[in-house]
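Me: I would like to learn how to read the features of a model such as this one. Please take them one at a time.

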Amino acid sequence: MYLFRLAMASLANRRFTATLTAFAIALSVCLLLAVERVRVEARNSFASTISGTDLIVGARSGSVNLLLYSVFRIGNATNNIRWDSFEHFAASPQVKWAIPISLGDSHRGYRVMGTNQSYFEHYQYGRKQNLELASGRAFATDPFEVVLGAEVADALHYKLGDKLVLAHGVAVVSLVKHDDKPFTVVGILKRTGTPVDRTLHISLGGMEAIHIDWHNGVPAQGKGRISADQARNMDLTPQAITAFMLGLNNKISTFALQREINEFRGEPMLAILPGVALQELWSMMGTAEKALFVISLFVVLTGLIGMLTAILTSLNERRREMAILRSVGARPWHIATLLIFEAFALALSGVIAGVGLLYVCIAASRGYLQANYGLDLPMSWPSEYEWTLLAGILAAALLMGSVPAWRAYRQSLADGLSIRL
Amino acid sequence: MTHALIELSDLGFNWPGHPQLLDIPAFRLERGETLFLKGPSGSGKTTLLGLLGGVHKPSQGSIRLLGQELTELSAGARDRFRVDHTGYIFQQFNLLPFLSVRENVELPCHFSNVRAQRARQRHGSVDKAAAALLAHLGLKDKDLLERRADSLSIGQQQRVAAARALIGQPELVIADEPTSALDYDAREAFLQLLFAECRDAGASLLFVSHDQSLAPLFDRNLSLAELNRAATPAEV
């Protein structure tokens, strides 16, 4: 590999430009891989937001809308469903478990969700992982207990035993607060990387209790008010909930039950399969993801064109080098090979440095991304697809290297042994 | 030896679309001969060297090197033939600046098995051949061998170039104004070394220059303008 050594020595002689060129390629490679990793990880974490749930049921609207408010805490339900409709289906023989959900309140921008014990038992995310408590316990019989998602506790610095007041409605700035009925933090969940982290969980009874003296969306005044202690002694069975989740004994009955719910005569309802709705939602967001990927491909292309430019500009000043090589017996194809090697070496060092840079970036930003976006970027070896991308970059570099190689070939044929300055 | 080292007959050359540049009815260079060829710039000197090196093909006529008709060989074969049998020294900046002195001298051996083999036969190894040649040319210092070529003085660089032209004993050394960057005393000293080494290696020397003052040192001297019938009268 004497030619390769020559190419290396020649590159080392131009180490400043060579380093810059390789660095540009490294940056673009790092960007491409980072986008790819975030993309894969975002898709994974998106798809694993909810698992193990066979049907999500809400008032009739769109399936994406239902998924958004019931799982992602985005947007609002168009309507509630009656408590007895929930009880009707929860008691159905195909149903293994049912989780009622009641939404509509918030606390300093975080959504509050009313639910019951079965939520902690049956709700699953990721690879069928159950929710786990980092500290404390799930809410029990007292209606004014709250279990915080990990991010809520972190961001608002709550610990067990703290009291907090819920606000009516989901706006970040709430004008109406349920300040007559404070809640006590009894449990904090472990981090899941899903919207659960950003949720405050209370019992359905608690949800009912804070609204018990409300009429037409405003709290009662004067002697119409009901205190927390009074509420504790009242029947706190809700009239309506926002949605519910179902786990079935047998997956095969999913479609039959879905049809049954959709054709329910009691009230108009909609049952969706979470996987299908997630797919639908992702296909809407997938365009942005693809655009990002295409952009980073173009950045790689820019890096390679930078390399091409650097090599091409060097050709003229290296005519002497070529002529000397010709005079000591290098044939034109030797000269061409030399330039291909040069392009390859630049791209290879760029790719290696780019991968290195990626790991440095991941190591540096991992905790931050996990905490703020629920993204867990793996420090793993490049995936098969990533290897393909890297190989593609090298192949593209070789292809581009063939342009200056061809020029140098022509040039060295024309110049021969004469040295032109 | 029946063949002359170089034998040109009825050689004609013109660049496409240009008038005849070279028209040489006959020219010979014998083995072991040193020849001074006077050629001002623009006289077709560079083109003639290109033809002898097999880089260009003549429009007509024949070029024989060691009895081999160059015009019958393919471009690749001419390249190989050139490096096997010819060493080159140019005016200035002959060396690849990013290689060491030793690596510069060894360059032809990487492209020609014939020369690598001859170097090994005579000196044991290519390394030793390079060191021996450099020592003969007055570059004895061992440290100097591993220095970057562009850290040497011009005079030293030209001696390194000479060592490179001579390694592996090519039959012909072509020198194109190798002394133009040297002062007079250095020129003569350089030439004496070059002559000695060529004699030692049994190589012929074709020395092209416009500096007539060096001519008496050679076995024979010629002017390209006399040789070339296509030359314009002004150049004669």
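**Reading the model**

Reply: In chain B, 46% of the 236 residues are buried. Keep in mind that the model is predicted.

Me: How does the radius of gyration of chain B sit against that of a compact globule?

Reply: A compact globule of 236 residues would have a radius of gyration near 18 Å, and chain B, with 18 Å, agrees with this. Along the principal axes, the C-alpha atoms of chain B fill a box of roughly 50 × 40 × 35 Å. Chain B contains 9 helices and 9 strands.

Me: What share of the contacts in chain B with a separation of 6 or more joins residues 24 or more positions apart?

Reply: The share is 75%.

Me: How should I read a nonpolar core?

Reply: Nonpolar side chains tend to be buried together in soluble globular proteins. Here the largest nonpolar core has 110 residues, and those that touch the most other members are A:I25, A:M307, B:A163 and B:V173. Helix α12 of chain A (residues 332-373) gives the most to this core, namely 11 residues. Another core, of 60 residues, lies apart from it and includes A:I50, A:Y69, A:A98 and A:A243.

Me: Which residues does A:M307 touch, not counting those up to four places away in sequence?

Reply: A:M307 touches A:T21, A:I25, A:A343, A:L346, A:A347, A:A397 and A:M400.

Me: Is A:A345 buried, partly exposed or exposed, and why?

Reply: The cut-off for a buried residue is 20 or more other C-beta atoms within 10 Å, and for an exposed one 12 or fewer. A:A345 has 18 within 10 Å, so A:A345 is partly exposed. The residue is found in helix α12 of chain A. Beyond its neighbours within four places in sequence, A:A345 is in contact with A:A7, A:M8 and A:L11. A:A345 and A:A22 are 323 residues apart in sequence, yet their C-alpha atoms are 8.9 Å apart in space.

Me: What does the domain assignment give for chain A?

Reply: The assignment gives domain 1 as 2-46 + 286-415 and domain 2 as 55-272. Taken over C-alpha atoms, the centres of these two domains of chain A are separated by 52 Å.

Me: How do I read the interface between the chains?

Reply: The size of an interface is often given as the accessible area lost when the parts come together. Residue counts describe this one: 24 residues of chain B are in contact with 17 residues of chain A. On the side of chain B that touches chain A, the elements giving two or more residues are α1 (45-52), α2 (75-85) and α3 (101-111) of chain B. By class, that side has 13 nonpolar, 8 polar and 3 charged residues.

Notes:
Residues numbered from 1 in each chain as written. Chains lettered and ligands numbered in written order. Predicted model: local features only at pLDDT ≥ 70, side-chain atom pairs only at ≥ 80, totals over all residues. Core = buried A, V, L, I, M, F, W, Y, C linked by C-beta atoms within 7 Å. Helix = DSSP H or I, 4+ residues; strand = E, 2+ residues; numbered from the N terminus. Contact = placed C-beta atoms within 7 Å. Domains from an automatic or database assignment. Nonpolar A, V, L, I, M, F, W, Y, C, P; charged D, E, K, R; others polar. Rg over C-alpha atoms; globule rule 2.2 N^0.38 Å.
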